[in-house]
Amino acid sequence: MLTDIRHPDRWREGLEKIAWARRFMPVLGTLRSELSLEGARVGLVLVLEPKTANLALALRDAGAEVTVTCPGRETMDDVAAALVHEGVAVLARSDSGRDQDDELARRMLDARLDVLVDDGSRVIRLAHAEDRLGGLRGAAEETTSGLRPLREMTLRVPVMAVNDARSKYLFDNVHGTGQSCVMAALDLSGLDLEGATVAVAGYGHVGQGVSRYAAALGARVIVSEVDPLAALRAHHDGHEVRRLADACPEADLVFSATGVRHTITREHLRALRPGAFVAVAGGVLDEVEPGVEGAYRLLADGECVNCAAAEGNPIEIMDLSLSLQALAVGHLLTHDLPPGLHLLPDHLDERVARLKLDALGLELDQ
């Protein structure tokens, strides 16, 4: 078994956390008894914590041989140990750096996967760049920032754009990421948003969520955008719209929510007032330009703040996203799709929404 974890003796703690999370994941709980993945080799590249561990175990219960890898900053060692105890191969260590993260990903790819489930498309791109696709039948990508580079690539395998499913972006991106990034930033900074000024770069679904939750906690929100329709939407949602360079001198907290490298530049950082905080709610390396000295305070070393310094999105939200990933794996294994990006079929997207409504006891009209 492929295993590279710290603290293997902590598996009991991890199992308790996984079991607790499972109580709030009714959609995935239903799907785990319906999927049939016998003999398939599935690789997961997701934040390694109790919610995603339940996806790994659901795929295992459906008959798949599952391998998990994850960047060190996003790995919970006790959860990793619990997965190993449950028969899931884990290649992730909380003390690993970027070079070791890539080496562990290569080891997973060398296990000749059938399907790869990625977060940020880091491993999909690595497999293409180093010709390590092997017999890969397809992949699934769950983030906006991960899909952006894939749209510019010549893909040699089919990739399910899970992020573009309505059951994902309408809830995970807006409510899940918006809430968890704001709360993680407040935990780290100790900032009280009542009367504070928050600048949000980007008003996509994540930026909308960050802005909504910051405003709900009493902040004055200034949105910066390059897209005219997004800027107009921010205005109609009640936020100020200004250039980021003009917003920075007034901001107590700045969020980058674009998923684009160097969204926050050295000019922006140098314009910040002393003691201002900077956080990333996107998902790419160096979204805040590195190496810029100043009196600002960068949270979570510029990594996505809710994953690197907290436990990601709320369980009830991730139940939807991880269920979509499970359905994407099943779809890739039962359909011969051409290389390129593909939307999850509407009936699978709606299946997740209907299961969630059932779990909530909510009825649809006819």
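Q: Against which elements do the buried residues of α4 pack?
A: In this predicted model, local features need pLDDT of at least 70 and side-chain atom pairs count only at pLDDT 80 or more, while totals for chains, interfaces and linings use all residues. Residues are numbered from 1 along each chain as its sequence is written, and side-chain values use heavy atoms, with hydrogens and water left out. Helices (H or I, at least four residues) and strands (E, at least two) are DSSP runs, numbered from the N terminus. With contact meaning heavy atoms within 4.5 Å, the buried residues of α4 pack against α1 (11-22), α3 (50-61), β3 (65-69) and β4 (89-91).

Q: Why is helix α4 described as largely enclosed by the rest of the structure?
A: Buried means under 20% relative accessible area, exposed over 50% and partly exposed in between (1.4 Å probe, protein chains only). The buried residues of α4 are D77, D78, V79, A80, A81, A82 and L83. Helix α4 (residues 77-85) is largely enclosed because the buried residues number 7 of the 9.

Q: How are α1 and α3 oriented to each other, roughly parallel or roughly perpendicular?
A: Axes are lines fitted to C-alpha atoms, for helices over the stretch in contact, and angles run from 0 to 180 degrees between N-to-C directions. Angles under 35 degrees count as roughly parallel, over 145 as roughly antiparallel, 65 to 115 as roughly perpendicular and the rest as oblique. The axes of α1 and α3 come within 8 Å and cross at roughly 85 degrees. The two helices, α1 and α3, are therefore roughly perpendicular.

Q: In what order do the 6 strands of the open sheet run?
A: Two strands pair if DSSP finds at least two bridges between them. β8 pairs with β9 (residues 220-224) in the parallel sense over 5 bridges, and 4 bridges join β8 to β11 (residues 253-256), also parallel. In the open sheet the pairing is parallel, and the order is β10-β9-β8-β11-β12-β13.

Q: Which strands are the edge strands?
A: The open sheet is formed by 6 strands. An edge strand pairs on one side only, which holds for β10 (240-241) and β13 (297-298).

Q: Which residue of β11 is the bridge partner of V198?
A: Strand β8 (residues 197-201) has 5 of its 5 residues buried, so it is largely enclosed by the rest of the structure. Both faces of β8 are covered, with T197, A199 and A201 on one side and V198 and V200 on the other. V200 stands opposite V223 in β9, and in β11 the partner of V198 is L253.
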